[in-house]
Structures are given as C-alpha cells and as structure tokens.
Amino acid sequence: MNPFVKFILVSLTTASLLNTPTSLATDQTEPLIPSQWSYATDPYGSTATFRNQMITNEGVWVNFKRIPRVDAERNSWVEVIYTPEAATLAGTKKISLTYKCDIPLLIKLSQSHYGKDGDKTYAHYQTKLPASSDWHTVEVDFNDFARPDWTPKISVDHGIVLNEINALYLTPSMTDKHGGEATLQVKSIDLLK
C-alpha cells in the first residue's frame, strides 16, 4: 500500500475516534429494575398508557392524561413511583435523574409523616425540573425541595427527614384546574451518597 494512502487512512481513523461524541461513553446506563417502578392514577378518569409495558429498552415510558379536579373533595393525580432497594433515602446527598418530559416535571418525596400512616394530608416536599424533549440529566440537592402552596395548615412541617422517605414520585406538572396530557420518560435515576 502506498505510504501516503496508509497515512490518510490512519489519519481518518484517528480523527474519527477523536471526534466520537462523549455521550456514547456515558450512554451506558444500568437497566432499570422493573420491580422498583410503578405508577398511580386517580380513580376518577385520569389514565396512563404505555408502549406494551411501562419499562422499555430505553427506560420508563408513560403517557398520562390527567382530568381536571373533580370537586373540592376529589383531586385527580398521575405519577410514576420509584421505590429504591434501600428502605429509606438515609445517607443520600443528591438525586441524579436522566429524563424527558413534554412539560415541567415534579419530583416529590414520599415522607411517612404525611401519607396514610401519618397525618393523611399527603403533603410532601417537591422540586420542579424544566421540560425537555431530549435526554436531560440533572443532579438535585435536597435544598431544592419545598412544600407546595396548597399544603394544609394542619400538616406539621417536619422538614425533610431522609430516613422517613421510602419513594420518589415523578409527575408531569399539570394543574388541578385544567389537568392535561404529557409523556414522561426516565432513562436512569441514582441516589448519590
């Protein structure tokens, strides 16, 4: 082979390797564990649809249609629930999430003080992430979470108590008044120690 042609081939191969996007290397995420993922919708008409199943080769894929609030006593809801292997979030410093969502996405902390075994107000701490049509990775610090404005006054603010949190709820940010529709995808979630 002509030395000049050999030089060109080696140069092209090297340039190709050097210009390979780094996202290919970081795209190797661990597959989601199906038993750690579930979803919930209200019993009033909101729906969740999937591509055959909630977890695909690319991760979670779910399209939600949330109806507007029924009345003062009955609120609608839609959510994807992540229950980590550990019993609580004790020792967790941050949450890393890679997602796509048509509209802003809420991460809610399921803390036992407020649920069926607590004050039954279902108050919580939440943070809002921006909408993203491309895979978007964020690291969320617990200082970014706050109680929503609708939190009942009877619900005592215990602060975020990580050893009382056993799940994360991911929900597209639709309003009680109007409901709406959105598709949520999750490629990975990590609890950073």
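Which residues touch the most other members of the largest nonpolar core?

1. Basis of the note. This is a predicted model, in which local features need pLDDT of at least 70 and side-chain atom pairs count only at pLDDT 80 or more, while totals for chains, interfaces and linings use all residues. Residues are numbered from 1 along each chain as its sequence is written, and side-chain values use heavy atoms, with hydrogens and water left out.

2. Overall make-up. The protein chain holds 2 helices and 11 strands, these being DSSP runs numbered from the N terminus (H or I of at least four residues for helices, E of at least two for strands). Along the sequence the order is α-α-β-β-β-β-β-β-β-β-β-β-β. Of the 193 residues, 38% are buried, where buried stands for under 20% relative accessible area, exposed for over 50%, and partly exposed for values in between (1.4 Å probe, protein chains only). Among contacts (heavy atoms within 4.5 Å) between residues at least 6 apart in sequence, 71% join residues at least 24 apart. The accessible surface comes to about 11,600 Å², with 53% of it belonging to carbon and sulfur atoms; such areas come from the Shrake-Rupley method with a 1.4 Å probe, and for residues only the protein chains shown count as cover.

3. The core. In the largest nonpolar core, which has 35 residues, Trp37, Val60, Leu97 and Leu170 touch the most other members. The elements that give two or more residues to this core are S4, S5, S6 (94-101), S7 (105-111), S8 (125-129), S9 (132-141), S10 and S11 (180-192). A nonpolar core is here a set of buried Ala, Val, Leu, Ile, Met, Phe, Trp, Tyr and Cys residues joined through side-chain atoms within 4.5 Å. Leaving aside residues up to four places away in sequence, Trp37 touches Leu32, Met54, Ile55, Val60, Val80, Ile81, Tyr82, Leu170, Val186 and Ile189.

4. Strand S5 (residues 78-82) is mostly covered, with 5 of its 5 residues buried. Val78, Val80 and Tyr82 point one way from S5, whereas Glu79 and Ile81 point the other way. In a regular strand the side chains alternate between the two faces of the sheet. S5 pairs in the antiparallel sense with S1 (residues 37-41) over 5 bridges and, also in the antiparallel sense, with S10 (residues 165-172) over 3 bridges; strands count as paired if DSSP finds at least two bridges between them. Tyr82 is the bridge partner of Trp37, and Tyr82 also stands opposite Leu168 in S10.

5. Salt bridges. The structure holds 5 salt bridges, each defined by a side-chain nitrogen of Lys or Arg within 4 Å of a carboxyl oxygen of Asp or Glu. Arg66 and Asp176 meet through their side chains at 2.3 Å, N to O, and this pair links distant parts of the chain, with Arg66 in strand S4 and Asp176 in the loop between S10 and S11, 110 residues apart. Arg66 is buried at a relative accessible area of 10%, whereas Asp176 is partly exposed at 30%. Both belong to a network of salt bridges that links Arg66, Arg69 and Asp176.

6. Further charged pairs. Lys94 forms a salt bridge with Glu139, the closest N and O atoms being 3.8 Å apart; Lys94 lies in strand S6 and Glu139 in strand S9, 45 residues apart. A salt bridge also joins the side chains of Arg147 and Asp157 (4.0 Å, N to O). Both residues lie in the loop between S9 and S10, so the pair ties together parts that are 10 residues apart in sequence. Arg147 is buried, with a relative accessible area of 18%, but Asp157 counts as exposed at 51%.

7. Surface and loop details. Tyr44, Val70 and Trp77 form a nonpolar surface patch with about 240 Å² of accessible area together. Patches are made of residues with over 30% relative accessible area and no salt bridge, like charges being joined within 9 Å and nonpolar side chains (Val, Leu, Ile, Met, Phe, Trp, Tyr) within 5 Å. Trp77 is found in the loop between S4 (59-66) and S5, and is partly exposed at 33% relative accessibility. Asn52, in the loop between S2 (47-49) and S3 (55-56), has a positive phi near 75° and is exposed at 84% relative accessibility. Most residues other than glycine have a negative phi.
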